[in-house]
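Got your viewer open and ready? Let's take a walk through this one, a selection at a time.

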Amino acid sequence: GSAPLVRAFAASVAVLIIACPCAMGLAVPTAVMVASGRGAALGILIKGGEALQRAADVTTVVLDKTGTVTEGRPSVTDVVLRPANDGGAAIDETEFLTLVASIEAQSEHPLAEAILRHAGEKTIRGTTADAFQSVTGQGALGAVGSTAVIVGNETLMREYAIDVSSLRPEAQRLSGDGKTSIYVAIDGRLSGLVAVADRVRDTSREAIASLREMGLEVAMLTGDDQRTADAVARAAGISRVVAGVLPDGKVAEIVRLQSAGNIVAMVGDGSNDAPALSQADISFGIGIGTDIAMEAADVV
């Protein structure tokens, strides 16, 4: 006599399955086919029914910053040279940008592309680097002729014993405006920095507000420093930010959220997002992103 409605419903389903198994068997793949076709018409590639099933259970959405929340087309806003009388290299902006462009020409990072565009606008062309090494999440270094050049964040500078204290206040001021500061060391001495800004997409704030209205928690992960990340998050309407993380740090944050009982969706576009996309319960890749990100994602 308890829960008669539930028992009646269960009995009805049992009768349907016994009397007409084909109808029940066709219903699920038909629903998946219709949903996938509708997604394709809207420019969304859904890689199978399992992704649709998992999407319904998501509790937390984690967003990459560059190219996801932002447009992914950063531009150079400031070039700051350290004066020679303060220990910097005695070079002008043209020579400075020539050396930086020579290194960044070997990189595929969006920030490198921004520096190359800026140099090109000033009709500055880099030369071929004689040596090049990319350091994931930190920057790049190499040699241009007999000149050693390091281009990257403070972590990379610290690894090569480059003191950035003289330009740190300027970098912090710029990061407060949502700009990413890239330090440049020439022949073992800090020579200047390049500030790059990536505009928040016009649709990001509306999309994030919609996710929150659906009852989903929204967080942002980025390799940028905390001040820059906080400025972008404020503009996009995100309250939870994890900054300064490398690819393995993004994975660790996804694992931490999953361990707390969350069903996590990850949204990203870059090769450094691929490990986190693979770790998440369901992952969304941006179609203009890298091939490896789109391959790792369940939905593109």
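Start by clicking on D78, which counts as partly exposed because its relative accessibility is 21%. (Buried means under 20% relative accessible area, exposed over 50%, and partly exposed in between, with a 1.4 Å probe and protein chains only.) Before you go on: this is a predicted model, where local features need pLDDT of at least 70 and side-chain atom pairs count only at pLDDT 80 or more, while totals for chains, interfaces and linings use all residues. Residues are numbered from 1 along each chain as its sequence is written, and side-chain values use heavy atoms, with hydrogens and water left out.

D78 forms a salt bridge with K179, with the closest N and O atoms 3.1 Å apart (a salt bridge is a side-chain nitrogen of Lys or Arg within 4 Å of a carboxyl oxygen of Asp or Glu). This pair links distant parts of the chain, 101 residues apart: D78 is in strand β2 (residues 75-81) and K179 in strand β6 (residues 179-186). Helices (H or I, at least four residues) and strands (E, at least two) are DSSP runs, numbered from the N terminus. K179 counts as buried, at 18% relative accessibility.

Next, select D224 and K65, whose side chains meet in a salt bridge (3.0 Å, N to O). D224 sits in the loop between β8 (217-221) and α10 (226-236) and K65 in helix α4, so the pair ties together parts 159 residues apart in sequence. Both D224 and K65 are buried.

R199 is partly exposed at 47% relative accessible area, whereas D202 is exposed at 62%.

Switch to cartoon view and find the open sheet: 5 strands in the order β9-β8-β1-β10-β11, with parallel pairing. (Two strands pair if DSSP finds at least two bridges between them.) β9 (240-242) and β11 (282-285) are at the edges with a single partner strand each, so one side of each has no neighbour in the sheet. Zoom in on β10 (residues 264-268), which pairs with β11 over 4 bridges; A265 stands opposite I282 in β11.

Last stop: which residues are closest to the centre of the second largest pocket? Select V61, L63, L211, V267 and F284, which are the closest of the 30 residues that line the second largest pocket. (On a 1 Å grid over the protein atoms alone, a pocket is an open set of points where a 1.4 Å probe fits, with protein on both sides within 12 Å along at least five of seven lines; lining residues have an atom within 4 Å of a point.) Helix α9 gives the most to this lining, with 4 residues.
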